[in-house]
Amino acid sequence: MAPSKLIQPDRVHRSVYADPAIFELEMERIFGRAWLILGHDSQIAAPGDYFTTRMGREPVIVARQGDGSVRVLINRCMHRGAIVCAEGRGCASSFVCPYHGWTYDTDGRLRSVPVPSGYASDRTGELGLRRVPRVSTYRGFIFASLAASGASLEEFLGPARSSLDDLVDRAPGGELEVAGGVFKHVYRGNWKLMLENHLDGIHPAHVHASSIAASRGAPEPGPPGEESYRDIAIRQMRQNAMPEPVWEAIGLWTTARGHGYMGDYHDDSRLVAAMGNPAFQEYRARLAARQGQAEADRILGVTLWNTILYPNCSFMSQFRQLRIVQPLAVDRTVVYTYSFRMKDAPQQMFRDTVAFANVVNGTASWVLTDDLEVYERVQRGLSSGAAEWVYIARGAGRDIDEQDGTRRGATGTSEVFIRAQFRAWLDYMNER
């Protein structure tokens with residue numbers, strides 16, 4: 001069935017989640033063309049620093065060059081195809097294939113071949129590691145595209161740039177760094193399920209019902225400055241129990257390229273180290289000292305949260321968490337979760353960032369475990385052919401087109417974000 005037959009205004013065909021052939025086409029036409037977020041400048045701060053990751057099917061090395069630029073190389077030896085670099089991150093002056101010792105510079109050029117006399121001619125100039133054709137950064141975040149041409153990164157981000165701006169602007173002096181390790185988890189479900197879930201305002205009361213019940217019976221969080229570690233989990237679970245009118249009133253925006261974000265709820269009065277907390281007051285003072293009081297007030301007045309950068313990223317600026325989605329198969333996905341430290345903020349702020357990661361994004365958390373169970377139940381259900389369609393009609397026909405190019409759901413529980421993701425999905429899949 002052609003991609004255009006699989007998407008209708010209020011529903012999508014189950015095969016977009018369950019058909020291996022469609023998954024392969026997604027790897028070619030979506031992950032092979034879109035700008036994908038790979039990481040952050042702080043992960044490769046010095047020349048020779050690198051980390052490895054994936055772009056759809058392609059294993060890649062992201063490496064800092066001597067001139068400060070960033071190269072993204074296909075992590076596959078040009079001789080017999082072995083993965084050249086198996087480490088997750090490090091610092092190197094070259095990459096050496098473990099199979100036959102072919103050695104490459106960090107910019108991908110082939111440096112040496114053992115026993116070169118065994119080859120009929122010198123072809124080193126054309127046997128370097130393949131380079132990903134387009135690499136760009138925005139506010140310190142590294143993006144790349146496997147397509148040699150297409151929209152610029154800023155055009156791709158569009159109005160969603162404001163969410164990245166919010167994440168960076170909140171750091172005094174704009175200095176962020178990846179710190180505290182990384183959570184990795186795999187779930188047996190399609191890659192799209194996680195991106196759809198993160199802007200869903202209906203599910204928390206149901207999916208997280210047991211966690212909400214536990215939080216209601218827990219001791220009250222301590223007063224400002226005297227909170228315990230568990231208070232972060234208690235606050236988060238109680239926020240998931242917001243009554244329906246609160247969820248309905250939340251702002252929910254999408255873009256033509258499938259990005260989306262929420263707003264209006266997570267202000268500083270509800271955050272972990274919030275109003276009245278000594279650590280937050282010190283942070284606010286440092287931000288004002290660097291940015292000026294008026295700009296600090298503006299920055300802290302932004303309430304964007306749970307931003308999706310389609311097709312591979314989700315992040316929360318106030319909690320400084322970023323999740324990168326890597327599809328493995330039609331029914332198997334791995335997610336990497338990173339925490340960010342604001343370099344010139346009180347240490348307590350980073351402690352709370354890590355605590356939030358533990359209670360929300362960790363594999364033993366109260367939140368993630370619930371979500372993963374639902375993803376896998378959805379995947380099992382969509383493998384059934386008895387019912388062909390998935391309905392995404394909540395709020396359909398009431399979406400509002402804004403002047404900045406975004407589209408807003410009429411309410412905070414609209415499924416406008418899923419419709420936007422599939423509008424972008426169809427654009428990618430139909431492009432030849």
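I count two strands as paired if DSSP finds at least two bridges between them. Helices (H or I, at least four residues) and strands (E, at least two) are DSSP runs, numbered from the N terminus.

**Ground rules.** I am working on a predicted model, where local features need pLDDT of at least 70, side-chain atom pairs count only at pLDDT 80 or more, and totals for chains, interfaces and linings use all residues. Residues are numbered from 1 along each chain as its sequence is written, and side-chain values use heavy atoms, with hydrogens and water left out.

**Entry 1, a sheet.** I looked up the bridge partner of Q8 and found R11, in β2. Strand β2 covers residues 11-13, runs antiparallel to β1 and is joined to β1 by two bridges. The open sheet has three strands, ordered β1-β2-β20, with antiparallel pairing. β1 (7-8) and β20 (389-391) each have a single partner strand, so one side of each edge strand has no neighbour in the sheet.

I took the bounds from the domain assignment, which is automatic or from a database: domain 1 is 37-145 and domain 2 is 158-430. Their C-alpha centres are 32 Å apart. I then listed contacts (heavy atoms within 4.5 Å); 14 residues of domain 1 touch 19 residues of domain 2.

For buried area I used the accessible area (1.4 Å probe) that two parts lose on being put together, summed over both. The two domains bury about 1,400 Å² between them, with 60% of this on carbon and sulfur atoms. On the domain 1 side, I37, R139 and F141 lose the most area to domain 2, together 41% of what that side buries.

My salt-bridge rule asks for a side-chain nitrogen of Lys or Arg within 4 Å of a carboxyl oxygen of Asp or Glu. I find two salt bridges across the interface of domain 1 and domain 2. R139 and D165 also form a salt bridge through their side chains, at 3.1 Å from N to O.

I noted which elements supply the side of domain 1 that touches domain 2: β3 (36-40), β4 (49-55) and β12 (141-145) give at least two residues each. β3 has the largest share, four residues.

Where does R139 lie? I place R139 in the loop between β11 (134-138) and β12. Its phi is near 50°, a positive value in a residue other than glycine. Most residues other than glycine have a negative phi, and most peptide bonds are trans.

P311 sits in the loop between β16 (305-309) and β17 (313-316).

E155 is in helix α4 (residues 153-157), while R257 is in the loop between β14 (251-254) and β15 (260-263), 102 residues apart.
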